[in-house]
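Have a look at the fold before reading on.

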Amino acid sequence: MRKASETSKLRHFLTQTLKIQTLTKNAFALYGDVIEADPSRMRLINNGTTERYHALAEPVAVGQPERLIFNIFRGQPRQFPYAIDMMERHPFGSQSFVPMSGRPFLVAVSEDEEGQPGEPQVFLAQAHQGVNYFANTWHHPLMALGEVSDFLVVDRDNTAENLEEFFFETAYRIEEPRT
């Protein structure tokens with residue numbers, strides 16, 4: 001595991017700036033689900049007083065305990081330029097992030113390349129969008145923007161046994177997004 005002093009030195013050796021993309025269902029389909037109101041999945045319920053946007057994502061838990069839990073994560077805002085120097089994945093369950101503070105956030109994901117993450121893809125999630133990472137998808141930890149922000153997180157209980165981290169030799173750089 002890399003020490004904090006090594007991580008701060010690493011930030012000075014950034015080689016590539018990653019483009020921040022718009023978060024869409026098609027662009028994100030390889031990594032998970034985009035959670036947002038989809039008119040094609042809308043049903044009226046409660047005598048027509050409520051719109052239900054049905055089955056927008058499917059949380060998954062594999063192995064014991066096969067229990068999904070709801071959490072609130074309070075994310076500190078990232079400072080820019082920002083170095084993506086690590087990714088993580090959860091082999092035994094999906095993980096969903098839905099913003100509760102009315103703020104956009106960044107999402108970084110990578111394809112698996114022989115057991116380690118490839119070059120990250122970075123997406124700007126708007127305040128009305130959440131994400132559900134598929135099990136075993138490489139992603140960067142929560143990246144709040146602008147101010148402290150709360151997120152509803154649904155994931156598998158007993159996360160200590162459901163976490164794998166990878167540290168890049170050379171970090172990737174991202175600039176502050178235009179929100």
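What follows covers the cores, the pocket, the cavity and one threonine.

## Ground rules

This is a predicted model, with pLDDT of at least 70 needed for local features and 80 or more for side-chain atom pairs, while totals for chains, interfaces and linings use all residues. Numbering runs from 1 along each chain as its sequence is written, and side-chain values use heavy atoms, leaving out hydrogens and water.

## The cores

Let's start with the largest nonpolar core, which has 16 residues. A core here is a set of buried Ala, Val, Leu, Ile, Met, Phe, Trp, Tyr and Cys residues joined through side-chain atoms within 4.5 Å; buried means under 20% relative accessible area, exposed over 50% and partly exposed in between, with a 1.4 Å probe and protein chains only. Phe28 and Val107 have the most contacts inside this core. Strand 9 (105-110), strand 12 (121-125), strand 13 (130-133) and strand 16 (149-156) supply at least two residues each, and strand 9 gives the most, with three. Strands are DSSP runs of E, at least two residues long, numbered from the N terminus.

Phe28 is in contact (heavy atoms within 4.5 Å) with residues including Leu23, Val107, Val109, Phe123 and Tyr133, leaving aside neighbours within four places in sequence. Apart from this core lies another, of 14 residues, among them Leu18, Ile84, Met87 and Ala108.

## The pocket

The largest pocket holds about 250 Å³ of space. On a 1 Å grid over the protein atoms alone, a pocket is an open set of points with protein on both sides within 12 Å along at least five of seven lines, a cavity is a set where a 1.4 Å probe fits but cannot get out, and lining residues have an atom within 4 Å of a point. Volume is the space filled by probe spheres set on the points, which are joined across faces, edges and corners.

Strand 16 gives the most to the pocket lining, with three residues. Among the lining residues are Ile35, Phe70, Ser96 and Leu152.

## The cavity

One cavity of 30 Å³ or more turns up in the whole structure. The largest cavity has a volume of about 50 Å³, and its lining includes Phe97, Tyr133, His139 and His140.

## Threonine 137

Thr137 sits in the loop between strand 13 and strand 14 (138-139). Is Thr137 buried or exposed? With a relative accessible area of 8%, Thr137 is buried. Not counting residues up to four places away in sequence, Thr137 touches Tyr31, Glu88, Arg89 and Val109.

Technical notes:
Helices (H or I, at least four residues) and strands (E, at least two) are DSSP runs, numbered from the N terminus.
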